[in-house]
Structures are given as C-alpha cells and as structure tokens.
Amino acid sequence: MHVADLKTLFAYHYWANRQVWGCVLQLTDEQFNRDLQYSIGSIQRHCAHIMIVEWFWFSVVTDRLPTDRSQHLKSSDFLTREAIQARWDELE
C-alpha cells in the first residue's frame with residue numbers, strides 16, 4: 001500500500017468520525033447516556049469504546065502501548081462527550 005493511499009484512508013476515517021460526532025452532539029444527555037440494551041450499552045459507551053480502540057491501535061502500531069495495563073484507557077474515564085471528544089481530537 002502506498003503512503004498516499006493510507007493518507008486517503010485516514011482522511012476518510014476522520015471525516016466519517018466527524019459526521020457521526022456531529023449527530024452525537026445533537027443528542028440530549030439522557031439520549032447519550034441511555035442504555036440501548038444493544039452491544040455494550042449507551043451511545044456514551046460506544047463512543048468511548050471506539051475512541052479507545054483507536055487509541056489502542058495507534059499505540060500498538062507506534063510501539064507506545066503501555067505494558068502496565070492499569071495505564072490503558074477505560075471507558076469509565078470518558079463519561080462525557082467533552083472528555084471523549086477531547087481525547088479523540090488528540091488522536092486525530
């Protein structure tokens with residue numbers, strides 16, 4: 001795969017994340033935190049999970065994954081949209 005192709009994929013990935021995030025920001029707090037009884041629960045948990053998986057993937061690829069599991073990100077550390085979005089922005 002060429003570098004230009006990777007850049008295109010990453011650009012699309014972050015474009016799609018921003019589209020989803022635009023919808024998430026329109027939810028009420030109740031909607032954001034409501035247990036959906038699907039998969040891992042609320043939209044909050046899904047957003048935190050996706051962001052954490054992305055962090056994990058980048059950490060592995062860049063050989064920066066902490067060996068101490070207590071230093072890994074947890075969804076319970078990202079209970080608000082602001083916390084999730086701030087960390088996601090750092091990743092991007």
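This is a predicted model: local features need pLDDT of at least 70, side-chain atom pairs count only at pLDDT 80 or more; totals for chains, interfaces and linings use all residues.
**Ground rules.** Local features here need pLDDT of at least 70 and side-chain atom pairs count only at pLDDT 80 or more, while totals for chains, interfaces and linings use all residues. Residues are numbered from 1 along each chain as its sequence is written, and side-chain values use heavy atoms, with hydrogens and water left out.

**Rings.** I started with the aromatic pairs. Rings of Phe, Tyr and Trp (its six-membered ring) pair if their centres lie within 6.5 Å; planes under 30 degrees apart are stacked, over 60 edge-to-face, and the rest tilted. My count came to 6 aromatic pairs. One of them is Phe-10 with Phe-58: the centres are 5.8 Å apart and the planes sit at 25°, so I wrote it down as stacked. This pair links distant parts of the chain, since Phe-10 is in helix H1 (residues 3-24) and Phe-58 is in helix H3 (residues 43-61), 48 residues apart. Helices are DSSP runs of H or I, at least four residues, numbered from the N terminus.

Next I looked up Trp-57 and Phe-58, which pair edge-to-face, at 5.0 Å centre to centre with 70° between the planes. Phe-10, Trp-57 and Phe-58 make up one aromatic cluster.

How exposed are two of these? Buried means under 20% relative accessible area, exposed over 50%, and partly exposed in between (1.4 Å probe, protein chains only). Phe-10 is partly exposed at 29%, and Trp-57 is partly exposed too, at 45%.

I also found a charge over a ring (NZ of Lys or CZ of Arg within 6 Å of the ring centre and within 35 degrees of the ring normal). The charged end of Arg-81 sits over the ring of Phe-32, 4.6 Å from its centre.

**Cysteines.** A disulfide is a pair of cysteine sulfur atoms within 2.5 Å, and I got 0 for the whole structure.

**Helix H3.** H3 has 19 residues and spans 27 Å from first C-alpha to last, close to the 27 Å expected (1.5 Å times one less than its number of residues). Its buried residues include Cys-47, Met-51, Ile-52 and Trp-55.

Methods:
Helices (H or I, at least four residues) and strands (E, at least two) are DSSP runs, numbered from the N terminus.
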